[in-house]
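This briefing is meant for a reader who is meeting the structure for the first time. It takes up the ligand and its surroundings, and then turns to some points of backbone geometry.

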Amino acid sequence: MKKIPVSILGATGSVGQKFIQLLENHPYFYITSLAASDRSAGKKYGEVVNWILPTPIPDNLSEMIIDKCEPNLNCKIVFSGLDSSVAGEIEENFAKNNYLVISNSKIHRFDSDVPLLIPEVNADHIELLSTQKFGGGGIITNPNCSTIGLAIALKPLFDNFEIEAVNVVTLQALSGAGYPGVSSLDIIDNVIPYISGEEEKIELEPKKIFGKLKNGRIEFAEIKISAQCNRVAVIDGHLESVQIKFRTKPEIGDIISAWENFSSSPQKLNLPSAPIKPIHYFYDERFPQPRLHRNLDKGMAVSIGRLRECSIFDYKFSILSHNTIRGAAGGAILCAELLVAKEYIR
Ligand code: NAP
């Protein structure tokens with residue numbers, strides 16, 4: 001297959017860098033431009049970026065001159081790792097000019113014609129693209145990084161049983177706050193029990209993700225979620241402690257089978273970034289752990305463990321997912337691969 005040119009908006013940020021790392025030698029895509037703020041535009045990428053990843057900047061990109069985020073880039077797809085304060089207008093401007101934007105920012109997630117996409121969970125929602133007002137362009141959004149891990153864990157349960165309520169307490173990694181993020185003096189020897197806007201996103205986004213596509217609109221799912229979010233001194237990988245109540249309580253073995261047998265469109269289509277198994281269930285009670293399991297299956301799998309009875313809800317368990325791979329750049333690249341496989345991009 002002839003490779004498809006792509007650009008990265010917000011290429012100097014932490015999500016932008018992850019895009020660059022994951023797109024190196026990608027079988028479908030190659031990077032033609034890197035764009036960032038006016039502060040960085042016009043300068044060589046390697047001279048401006050504060051590169052924080054352990055692999056080197058790809059040689060061909062280090063010398064690349066950074067563009068402004070203006071819709072004159074030589075590509076069809078733009079991956080956006082833009083700061084939310086500026087993403088709205090810039091992404092819309094690209095869509096209006098025939099680019100397909102795959103965004104990590106929160107700004108367009110609840111536009112009624114924009115898919116909030118997790119390819120393993122709601123691949124059918126890409127049909128919303130045809131209802132958008134942008135002509136040849138469009139916008140697709142990636143959910144919040146904690147929502148993605150939670151929604152993938154809930155998907156086989158949502159399909160096989162009736163979920164009544166979910167309570168989730170997150171322990172979220174520092175990289176989720178971007179770079180430089182939280183000050184070291186705030187987080188060493190500490191846990192911060194507040195992440196601005198995060199609880200609202202986790203409580204609301206699954207209602208759209210699990211919603212039904214009907215007559216070009218999403219009917220939101222009735223799923224009650226309560227979330228409490230904490231920032232912890234882990235570099236990558238969000239851990240989530242979940243309690244769940246069903247309308248009719250299933251057997252523990254049936255829940256584990258639903259997770260272990262779960263496979264979806266990206267696996268059937270054999271998409272390059274798809275994890276072989278979207279969910280790994282661990283029987284060892286000490287697992288999952290961020291340092292040990294965040295990179296499982298290219299950082300795209302969700303790890304689950306400690307399923308047990310709950311004295312208030314029906315069951316409780318732990319989830320782990322990589323926030324900048326599955327929860328951001330890797331998830332967005334998987335969305336683009338799905339669009340190629342479904343022939344939305346030729
Ligand atoms: P970040 O490290 O702060 O990077 C922000 C990027 O936006 C930089 O490239 C910056 O370019 C660019 N930018 C800022 N102001 C701009 C302007 N006026 N015009 C054009 N570009 C501008 O943030 P991040 O952590 O990568 O997050 C990026 C987005 O992804 C956010 O919307 C965030 O909520 C979302 N997200 C992050 C994660 C995560 O785990 N980090 C997960 C999911 C979603 P300069 O360097 O030139 O200033």
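In this predicted model, a polar side-chain atom of Thr-12 comes to 2.6 Å from an oxygen atom of the ligand, and Thr-12 is also listed among the closest of the 28 residues that surround the ligand. The protein covers 80% of the 910 Å² of accessible area that the ligand has on its own, and the ligand sits in the largest pocket.

**Residues around the ligand**

- Of the 28 residues that surround the ligand, the closest are Thr-12, Val-15, Ser-37, Arg-39 and Ser-40.
- Sorted by class, the shell around the ligand is made up of 16 polar, ten nonpolar and two charged residues.

**Backbone atoms facing the ligand**

- At Gly-10, a backbone N or O atom lies 3.2 Å from an oxygen atom of the ligand, whereas the atom that Thr-12 places 2.6 Å from a ligand oxygen belongs to its side chain.
- At Asp-83, a backbone N or O atom is found 3.3 Å from an oxygen atom of the ligand.

**Helices and domains that build the shell**

- Three helices, namely H1 (14-23), H4 (84-96) and H13 (325-341), each contribute at least two residues to the shell around the ligand.
- Helix H4 gives the most to this shell, with three residues.
- Both domain 1, which spans 4-144 + 328-341, and domain 2, which spans 145-322, supply at least three residues each to the shell around the ligand.

**Cis peptide bonds**

- The peptide bond that runs from Tyr-179 to Pro-180 is cis, with an omega near 0°, and Pro-180 belongs to the loop between strand E7 (163-172) and helix H7 (184-187).
- Phe-287 and Pro-288 are likewise joined by a cis peptide bond, for which omega is about 5°, and Pro-288 is placed in the loop between strand E12 (279-282) and helix H11 (290-293).

**A positive phi angle**

- Asn-98, a residue other than glycine, has a positive phi value, near 75°.
- The position of Asn-98 is in the loop between H4 and strand E5 (100-103), and H4 is the helix that gives the most residues to the shell around the ligand.

Note on methods. Residues are numbered from 1 along each chain as its sequence is written. This is a predicted model: local features need pLDDT of at least 70, side-chain atom pairs count only at pLDDT 80 or more; totals for chains, interfaces and linings use all residues. Side-chain values use heavy atoms; hydrogens and water are left out. A residue is near a molecule or strand if one of its heavy atoms lies within 4 Å of it. A polar contact is a pair of N or O atoms within 3.5 Å; within protein, one must be able to donate a hydrogen and the other to accept it, and residues adjacent in sequence count only if both atoms are side-chain atoms. Accessible areas come from the Shrake-Rupley method with a 1.4 Å probe; for residues, only the protein chains shown count as cover. On a 1 Å grid over the protein atoms alone, a cavity is a set of points where a 1.4 Å probe fits but cannot get out, and a pocket is an open set with protein on both sides within 12 Å along at least five of seven lines; lining residues have an atom within 4 Å of a point. A molecule sits in a cavity or pocket if more than half of its atoms lie within 2 Å of its grid points. Helices (H or I, at least four residues) and strands (E, at least two) are DSSP runs, numbered from the N terminus. Ala, Val, Leu, Ile, Met, Phe, Trp, Tyr, Cys and Pro count as nonpolar, Asp, Glu, Lys and Arg as charged, and the others, Gly among them, as polar. Domain bounds come from an automatic or database domain assignment.
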